[in-house]
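Here's a quick briefing to read with the structure open beside it.

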Amino acid sequence: MTTVHIPTPLRPYTADQATVQIDGDTVGAVLNNLTTTYSQLGVHLRHPDTGRLRSFVNVYLGDEDIRFLDDEDTAVPPGAELTIVPSIAGGNSTLPTLDHSEIERYSRHLILDEVGMEGQRRLKAGKVLCVGTGGLGSPLLMYLAAAGVGRIGIVDFDVVDLSNLQRQVLHSTSNIGRPKVQSAKERIHEINPHIQVDIYEEALTSDNALRILEPYDVVVDGTDNFPTRYLVNDACVLLGKPNVYGSIFKFEGQASVFNLGEGPNYRDLYPEPPPPGLVPSCAEGGVLGILPGVIGVIQATETVKILLGKGNTLSGRLLLYDALSMRFRELKLRRDPHAKPITELIDYQQFCGIPGVSAHDEDDAEAFDRIDVVEFKTRWDAGWRPYVLDVRRPAEAEIARLSFADKLQPHGEVATIAGELPRDRDIVIHCKLGGRSAKAAATLAGLGFDRVFNLEGGITAWSKTIDASIPTY
Amino acid sequence: MSTLSFAAGALKAVHAHALQGYPHEVVGILAGKNGEVTAIKALINERADSAHNRYRVSGLTVMRAEQALEAAGHTILGYYHSHPDHPARYSDYDRDHALPNLSYVIVSVDNGEIADTLSWRLRDDRSAMDPETLNLNGAAS
């Protein structure tokens with residue numbers, strides 16, 4: 001026999017008993033025997049159409065919510081106690097209506113019990129902001145538009161580049177050079193003309209973030225850098241909005257839902273950013289073009305579930321995906337009780353250790369020199385012949401290389417070849433954009449090399465300014 | 001028609017909570033004795049995603065709050081919530097999430113002012129909610 005605790009408002013149906021004794025091996029069996037014995041309880045505990053427990057009915061076995069055990073299949077040991085704990089919920093339904101063409105368009109949703117007319121109208125009433133219209137934003141925006149999310153905001157200050165099209169399927173070849181927000185808006189309207197699209201062709205900053213996020217129910221983080229990721233997180237915490245997170249690198253991705261209700265946020269996962277340069281960007285490290293498709297679609301799924309109020313979201317869970325091994329794993333996330341409360345937006349560039357534009361000039365402690373591609377060419381033409389060290393990875397050198405480079409050695413390994421490098425000659429170090437070569441230059445300077453130059457802008461600047469026959473990538 | 005009475009100050013406290021939360025929905029517990037509300041307990045709306053037209057409070061939170069009220073000698077009479085810029089009528093969503101044998105007071109807040117207050121009780125078969133008479137004599141005195 002199992003003791004079942006009945007909540008006060010339902011006791012009129014159990015002859016005013018606060019507890020009743022019921023048989024059953026599983027939670028589901030106990031509940032079924034309960035509603036057989038006390039038949040008036042049934043309609044209040046279970047939905048008559050689906051047979052499932054109503055969403056406001058929580059059942060505890062001892063002190064554990066059965067949703068975190070095996071739900072209704074949870075075995076009930078002898079002498080156990082079940083407690084029925086109703087949550088309370090409600091609200092008005094100023095939901096927009098659907099016209100006939102919308103009913104036809106969304107018919108595969110409407111026949112799902114979990115969506116139905118009410119759910120589809122909730123999607124239509126839904127307001128979602130997507131920060132970034134790149135790899136993650138592409139599938140996300142296309143599916144949110146197709147699903148009928150009524151109002152979609154998009155933030156991006158970038159223009160469509162040829163190197164985006166390997167993964168950013170929202171944009172097409174004919175849109176190269178155009179603002180991404182424009183290209184995105186047109187594509188969304190091709191998919192679904194019913195959607196209101198708000199475009200913000202600006203960088204999200206501490207000054208404008210609260211204003212831009214404010215009108216939306218859910219914020220989706222499709223950014224590719226740490227300062228913006230912390231900014232989106234902190235602004236969502238300050239405004240009390242859920243933040244649907246995704247990130248990608250090479251063949252691996254992560255996704256979660258932050259700040260939903262009392263759930264954890266990004267700072268509970270990563271209180272501090274990694275040291276600058278430790279985690280390469282996709283432009284430096286590369287990314288499998290399909291990877292953001294998988295992660296972005298997971299973000300779209302979570303967004304739709306939040307708007308519908310259905311299912312279990314990734315709140316409190318970090319989903320890890322590895323495309324090479326084709327495996328998903330999951331880590332538990334909890335609120336960090338020692339986390340400092342977020343009270344205001346800060347300077348996130350500084351927080352992430354990224355120097356501002358002027359910082360280079362003021363940084364006279366730097367132990368190596370910098371040279372731009374124009375000055376390099378001028379001096380080269382005048383007969384200067386420095387030793388040129390390429391610190392990119394071999395795969396990049398296969399795409400494009402400077403013909404006069406003397407050696408290729410990835411930037412993390414330059415110390416191992418210090419013995420081969422000349423100390424009586426100028427050394428110019430280059431990479432793709434100038435970031436990795438600056439680190440390598442600092443390493444060599446630390447080893448006593450005092451004639452080291454970093455080629456600003458890397459081979460990309462060389463291609464754009466000096467020699468267009470070298471492809472950019 | 002059943003009747004729900006409010007003691008002096010109790011309805012005022014409900015209205016103050018509704019105004020303070022506007023434009024978001026607020027929610028709380030109505031407690032008292034013999035069909036008269038003498039105490040209210042404001043709860044935190046957990047629906048951060050859509051707080052302007054939805055409320056939810058988890059079962060454990062509600063249970064703890066109710067146990068505290070009952071330990072202080074109160075009976076749980078029902079719940080109140082606000083409808084920002086929307087009439088004080090129950091919605092289908094309210095009905096789907098209601099329990100029988102309790103009063104559901106809905107406060108309509110229109111443009112930051114109290115517009116209407118109505119109370120509803122769920123039928124045994126869940127087919128509808130019926131209005132109940134609000135006795136505000138206590139509140140007015």
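**The sheet in chain A, and what surrounds it**

Chain A holds an open sheet of 8 strands with mixed pairing, in the order 9-8-7-10-11-12-13-14. Its edge strands are strand 9 (196-200) and strand 14 of chain A, and each of them pairs on one side only. Direction ignored, neighbouring strands of this sheet are turned by 15° against each other on average.

Keep in mind that this is a predicted model: local features need pLDDT of at least 70, side-chain atom pairs count only at pLDDT 80 or more, and totals for chains, interfaces and linings use all residues. Residues are numbered from 1 along each chain as its sequence is written, chains are lettered from A and ligands numbered from 1 in the order in which they are written, and side-chain values use heavy atoms, with hydrogens and water left out.

**Confidence**

- The model scores ipTM 0.86 and pTM 0.59.
- Chain B has a mean pLDDT of 89, with 96% of its residues at 70 or more; pLDDT is the predictor's confidence in each residue, from 0 to 100.
- Among the elements of chain B, strand 2 (residues 27-33) has the highest mean pLDDT (95) and helix 4 (residues 137-140) the lowest (53). Helices (H or I, at least four residues) and strands (E, at least two) are DSSP runs, numbered from the N terminus.

**Strand pairs in chain A**

- Strands of a sheet pair through backbone hydrogen bonds, either parallel or antiparallel. Here two strands count as paired if DSSP finds at least two bridges between them.
- Strand 11 (residues 243-249) and strand 12 (residues 252-258) of chain A are antiparallel over 7 bridges, and Tyr245(A) has Ser256(A) as its bridge partner in strand 12.
- Strand 13 (residues 317-322) and strand 14 of chain A also pair in the antiparallel sense, over 6 bridges, with Phe328(A) in strand 14 as the bridge partner of Tyr321(A).
- Strand 14 (residues 327-332) of chain A is hardly covered, with 0 buried residues among its 6. Buried means under 20% relative accessible area, exposed over 50%, partly exposed in between (1.4 Å probe, protein chains only).

**A well-covered helix**

- Helix 6 (residues 137-147) of chain A is largely enclosed by the rest of the structure, because 9 of its 11 residues are buried.
- The buried residues of helix 6 include Pro139(A), Leu140(A), Leu141(A) and Met142(A).

**Nonpolar cores**

- A nonpolar core is a set of buried Ala, Val, Leu, Ile, Met, Phe, Trp, Tyr and Cys residues joined through side-chain atoms within 4.5 Å.
- The largest has 45 residues, of which Val4(A), Leu34(A), Ile84(A), Ile88(A) and Leu43(B) touch the most other members. Helix 1 (residues 27-37) of chain A gives the most to this core, with 4 residues.
- Apart from it lies another core, of 40 residues, with Leu123(A), Ile248(A), Ala255(A) and Val304(A) among them.

**Chain B at a glance**

- Chain B has 4 helices and 8 strands, running β-α-β-β-β-α-β-α-β-β-β-α from the N terminus on.
- Of its 141 residues, 53% count as buried.

Key:
Axes fitted to C-alpha atoms, helices over the stretch in contact; angles between N-to-C directions.
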